[in-house]
Amino acid sequence: MLEMYMKTAIAEALKGEAEGGSTIGAVLIQRGAIVGRGHNRVNQTGNPTTHAEMEAIRDAGVLEDYTDTELYTTMMPCRMCAGAIIHFGIRTVVIGNSQVVNRTVEYMREAGVEVFELHDPECIRIRAEGHQRHPERYLPTAGIGVRDK
């Protein structure tokens, strides 16, 4: 199942790039079913909060309980997304690519979130290739240049 969920997150990431955004995708799982999916839409919407993880949580809608959910994301969540994960009580986060400067793993673990870093070659590859093709698409996601829009 883990592989299927991460493949779905990767498909979301590729959808984001096809729409003019960056290659970051996420899915929210509850009791074995995908209840939310999303991809980074910062460039497409001009909204700096439309990160993949936030979009997956938003897509799921209001759940009665988040403690039995798992979030699969192709890239390390930023501080904003990690804060939402903690706020909603998501207990498990599976990260495909944690090779980024922003290390929020400790923050989530300290808050009781179980974090798995897969170092998934496909997640690492799509992020590297996407960044190489369109480096400008990653600046707003990192909070750089957002105020200039």
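**Reading the sheet**

Biologist: Which residue of β3 is the bridge partner of L28?

Modeller: The bridge partner of L28 in β3 is L71. Before going further, note that this is a predicted model, in which local features need pLDDT of at least 70 and side-chain atom pairs count only at pLDDT 80 or more, while totals for chains, interfaces and linings use all residues. Residues are numbered from 1 along each chain as its sequence is written, and side-chain values use heavy atoms, with hydrogens and water left out.

Biologist: How many bridges link β1 and β3, and in which sense do they pair?

Modeller: In general, two strands pair if DSSP finds at least two bridges between them, and the elements themselves are DSSP runs numbered from the N terminus (helices: H or I, at least four residues; strands: E, at least two). Here β1 (residues 25-30) and β3 pair in the antiparallel sense over 5 bridges, and within β3 the bridge partner of A26 is T73. On another pairing of β1, 6 bridges join it to β2 in an antiparallel arrangement, with R37 of β2 as the bridge partner of V27. The hairpin of β1 and β2 has 2 residues between the strands, and R31 takes a positive phi near 50° there.

Biologist: How many residues of β1 are buried?

Modeller: Buried means under 20% relative accessible area, exposed over 50%, and partly exposed in between (1.4 Å probe, protein chains only). By that rule 6 of the 6 residues of β1 are buried. In a regular strand the side chains alternate between the two faces of the sheet. In β1 both faces are covered, with G25, V27 and I29 buried on one side and A26, L28 and Q30 buried on the other. As for β3, 6 of its 7 residues are buried, so this strand is largely enclosed by the rest of the structure.

**Reading helix packing**

Biologist: At what angle do α3 and α4 pack, and how far apart are their axes?

Modeller: Two packed helices are described by the angle between their axes and the distance between the axes. The axes are lines fitted to C-alpha atoms, for helices over the stretch in contact, and angles run from 0 to 180 degrees between N-to-C directions. For α3 and α4 the angle is about 35° and the axes are 8 Å apart. Contact means heavy atoms within 4.5 Å, and here the contact is made by E53, M54 and I57 of α3 together with M80, C81, A84 and F88 of α4.

Biologist: How many aromatic pairs does the structure hold?

Modeller: Rings of Phe, Tyr and Trp (its six-membered ring) pair if their centres lie within 6.5 Å, with planes under 30 degrees apart counted as stacked, over 60 as edge-to-face and the rest as tilted. The structure holds 2 aromatic pairs, including the tilted one of Y66 and F88, at 5.0 Å centre to centre and 45° between the planes. Y66 lies in the loop between α3 (52-60) and β3 (69-75) and F88 in helix α4 (residues 79-88), so the pair ties together parts that are 22 residues apart in sequence. Of these two, Y66 is buried at a relative accessible area of 9%, whereas F88 is partly exposed at 33%.
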